[in-house]
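Hi everyone, thanks for making the time. Let me put the structure up, and then I'll walk you through a few parts of it.

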Amino acid sequence: MAVEPEKSGKLGRWWRAKGSLEIRIFTVLSLLLAGGVTGVRLREPTLLTTVQVAVGSEDMGFFRDQQTVAEFAANDFTVVTVPMGSRQMVVNAKTLSSVGYDALFPSSEDFALEIEQKLNPPYGNQQPFSTPLAVFTWRDLLQRLEAEHIADPSGTEFNLGQYIADTASGENHMLLDMSNPADSDSGAMFLAAASYVLNKGVVQSTSTAIALAPQIRALVGPLGGTENTTSHVFSQYLEGESAEPLALGYQSEFAEAQQTGELPANAVMLQLDPSINCVHTIVPLDKPGLKFATLLDTDPALLNLAAQKYGFIDSANHIPRGVYVSAPTPQILEAMIGAVEPGS
Amino acid sequence: MLAPCIVTGCTSPHPAPPPPYTLRVLADSELAGMRPILARATAATGVTVRLVMTDTLTLANDMTDGTAQRDYDAVWLASADYLDLYASGPNPLVGTTPIMTSPVILAVRTPAARRLGWDHGSVTWLDIARAAAAGRFTFGMSSPVTSDSGLSALVGAATAVAGRGAALSDVGARQATSELAGLFAGQRLTATTSGALAQMYLDSLARSRPAADGVIGYEADLLALEARAPRGDPLTLVYPSDGEISATYPLSLVVTASRAATEAFFRLVGYLTSKSEQEEIMMATGHRPVLGSVRLARNLPGHLAALRFPANPQIAADLIGEYFGKLRPPGRTVYVLDTSASMTGARLSHLEQALRALTGAGHTLADEFSEFRSGEEITFLPFSYGPATPTVFSIRAGDPRPALAGIRDYISGLKAHGRTAIYDALVRAYQITAAEQDREDTGRIDAIVLMTDGENDWGRSLGAFLAYYRSLPLSSPAPPVYAIAFGEADIPELTQVASATGGTVIDAVKQPLSVLSGIVEDVRGYQ
């Protein structure tokens with residue numbers, strides 16, 4: 001038998017030599033051609049503007065929806081969305097800006113502020129919609145959660161304080177799975193909510209954040225190879241009770257699965273108590289990015305679609321009842337993420 | 001391209017082909033079986049995938065040092081768990097999409113499965129560990145250092161044995177140590193990649209010298225193995241009831257990818273995750289679909305319990321350390337070293353350097369894991385006109401330094417002269433191994449590593465060696481020969497040696513001598 005050659009030589013960098021203009025023309029042309037095939041309506045005189053946007057993975061359903069694509073096209077836009085963790089957008093902000101992203105769309109305001117601090121783009125930010133953190137479980141597990149007082153007797157709320165206490169004491173073995181806080185918004189916002197419970201208030205200093213880290217790490221550590229985006233956790237949840245008894249995510253994910261008929265009949269969503277309403281925030285990096293952000297923030301058809309079909313909240317008046325707390329400032333949240341990371 | 005037209009009723013008889021793009025993808029070698037699927041994707045999407053394969057460890061290094069971001073558009077891993085262990089710094093992968101999944105399970109020779117009662121009813125990893133500890137079950141597993149499936153098997157078994165369904169903690173790992181040592185007492189075969197392991201195992205079945213009762217690996221690979229098993233020696237797949245760790249084969253864009261690459265990437269991903277391609281992948285490669293709407297093929301049982309990989313990479317790293325230091329019987333290797341006249345100068349000094357690197361002073365986890373380990377037994381057998389006197393070094397568990405220093409001294413003393421009697425030396429290596437096995441039968445994994453730069457021009461011929469090998473009693477497991485060939489080595493002859501003994505040829509004939517160190521390090525994955 002032969003062995004696979006260890007690696008064929010490094011490839012050249014021809015593509016870097018090409019100007020971005022050529023690539024833009026190429027992309028527009030290709031999308032025109034693709035449009036011809038898929039039958040997207042094109043208005044003759046105007047060319048579609050293609051924007052490339054980094055988005056949280058949980059927004060992908062909305063952006064891939066044919067109605068969303070058509071509404072953007074009707075406004076002369078083609079949106080290329082690249083799903084990534086919100087904190088990845090922060091860590092890689094400079095690179096993403098230099099390879100031509102027009103806007104970054106993290107799932108919480110904290111991360112948008114961090115991006116603005118790093119890049120100083122002159123376009124402000126837009127907040128088209130939000131969604132609260134929630135817990136997903138299964139009907140036949142409710143009894144156990146209720147017996148441990150983690151779920152309330154009506155089976156609608158998830159008591160985070162009780163969960164933290166029972167898990168720390170070893171009474172509770174059913175672990176809440178979540179995305180990696182170092183990469184993704186929902187995991188990071190769990191740290192915010194858990195630190196609020198442990199601190200009995202929003203954490204106001206980095207020293208407190210670091211002091212709380214060991215207790216929080218005990219909740220995050222046992223979960224195993226945490227996936228870097230929220231949607232991976234949710235798709236694992238959709239595989240069923242044996243794959244994922246208890247998962248953290250956004251209310252919008254559950255609503256979307258309900259709409260599309262993917263939700264198993266015995267799936268249950270619990271309101272996290274306390275929860276965080278994650279305000280999805282667009283940071284435009286250039287003028288096309290700003291036009292995209294403004295459109296999404298103001299277009300009634302897009303907002304209606306996001307709300308009706310994808311369960312996002314398009315107005316503060318529509319936030320479901322529940323206990324909501326604020327996340328710490330970006331600096332304190334960063335300190336907490338750093339202190340909770342495995343091996344730190 | 002015809003089928004979608006029928007479904008959607010598109011009017012154009014010749015739809016414009018999608019714009020061509022060549023996507024440069026750095027991939028785990030465990031994805032080698034996907035080439036035919038990717039070739040089909042080109043016709044449908046216009047995206048040509050230039051797939052560069054490497055082992056999991058090299059891939060993690062390329063991500064850490066920035067090679068992946070600089071030279072590639074996308075990275076295709078078997079699982080992301082490995083990166084947590086070896087890559088450091090911020091995660092450079094975005095747009096991550098799992099393409100398919102496969103759990104770590106066992107393939108067991110059917111008579112052995114019947115004997116152990118594993119062909120029906122439920123079996124736990126603990127049952128498997130106890131059978132191995134009692135000497136009733138032996139197996140092969142690829143190296144947890146270089147291969148994702150080896151690491152998943154090690155962590156999966158440890159997690160299941162430590163129990164409770166949560167990811168492994170350091171306490172759990174310590175509690176599982178004795179049971180795990182029992183399990184790995186049964187390991188008889190290892191290799192750098194899962195593909196190499198499967199091939200070695202198949203070869204051993206075909207030669208009626210089964211290297212072990214079974215192998216641990218990814219379901220997709222084991223289904224292929226089952227299909228290729230000799231008719232008279234079938235395999236039975238065993239799914240431990242306490243759960244499996246699964247690979248999810250995530251395909252990701254590097255954060256530095258251009259807009260054109262990004263657009264091509266999503267075209268490819270859309271194609272691979274379409275219902276028809278998910279079905280095609282499942283039928284052609286035995287990987288499970290990521291789409292819930294695809295019905296599982298009849299040979300893929302549903303409702304598997306999931307085990308989790310530990311979040312803290314240190315726990316997996318410690319486990320690998322334990323695996324080599326404590327859990328698995330230490331290896332026993334004979335290094336058969338060509339010291340004929342042609343080795344004089346640069347060749348000998350590169351050979352010395354490559355071996356010296358295994359005696360310590362490595363900086364990365366990868367270096368550390370390829371070094372000579374506590375408890376290992378290393379024999380050097382230089383040859384020219386014939387084999388010289390063998391010199392044995394045992395690495396003492398408590399204090400490895402004297403043996404390592406001894407090895408360094410010994411290596412510096414090598415001298416080149418004379419002719420190249422490869423086969424006389426190999427026969428001697430088998431005699432040494434047999435004598436060691438008689439002296440101490442503790443289930444060590446034996447290996448013979450041949451390093452040569454020339455053709456056999458003295459002593460026994462290839463034919464005489466093969467006749468000798470065939471005369472070895474079937475009861476004694478004769479170790480494979482891993483031949484590292486450079487200079488003017490005879491690749492066709494060495495290939496015959498490797499295939500007869502179940503080993504491998506690493507062909508460095510056309511490569512600079514500087515690759516020797518890396519190759520010697522790689523071959524450690526077989527020991």
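Of the 527 residues in chain B, 55% count as buried, where buried means 20 or more other C-beta atoms within 10 Å of the residue's own, exposed means 12 or fewer, partly exposed lies in between, and C-beta atoms are placed from the backbone. Please keep in mind that this is a predicted model, where local features need pLDDT of at least 70, side-chain atom pairs count only at pLDDT 80 or more, and totals for chains, interfaces and linings use all residues. Residues are numbered from 1 along each chain as its sequence is written, while chains are lettered from A and ligands numbered from 1 in the order in which they are written.

How many helices and strands does chain B have? There are 21 helices and 18 strands, taken as DSSP runs numbered from the N terminus (helices are H or I, at least four residues; strands are E, at least two). Chain B has a radius of gyration of 24 Å, close to the 24 Å from the globule rule for 527 residues, so it is as compact as a globular protein of that length. That radius is taken over C-alpha atoms, and the rule is 2.2 Å times the number of residues to the power 0.38. The C-alpha trace of chain B spans about 80 × 50 × 45 Å along its principal axes.

Now, confidence. The mean pLDDT of chain B is 87, with 93% of its residues at 70 or more; pLDDT is the predictor's confidence in each residue, from 0 to 100. Residues 1-15 of chain B have pLDDT below 50. Where pLDDT is low, the predicted coordinates should not be read in detail. The model scores ipTM 0.75 and pTM 0.78.

Let's zoom in on one residue. Where is B:Ser342 found? B:Ser342 is in the loop between strand E13 (332-338) and helix H15 (346-356) of chain B. B:Ser342 counts as buried because it has 20 C-beta neighbours inside 10 Å. Leaving out residues up to four places away in sequence, B:Ser342 touches B:Asp453, B:Gly454 and B:Gly487, a contact being two C-beta atoms, placed from the backbone, within 7 Å. B:Ser374 is 32 residues from B:Ser342 in sequence, and their C-alpha atoms are 34 Å apart.
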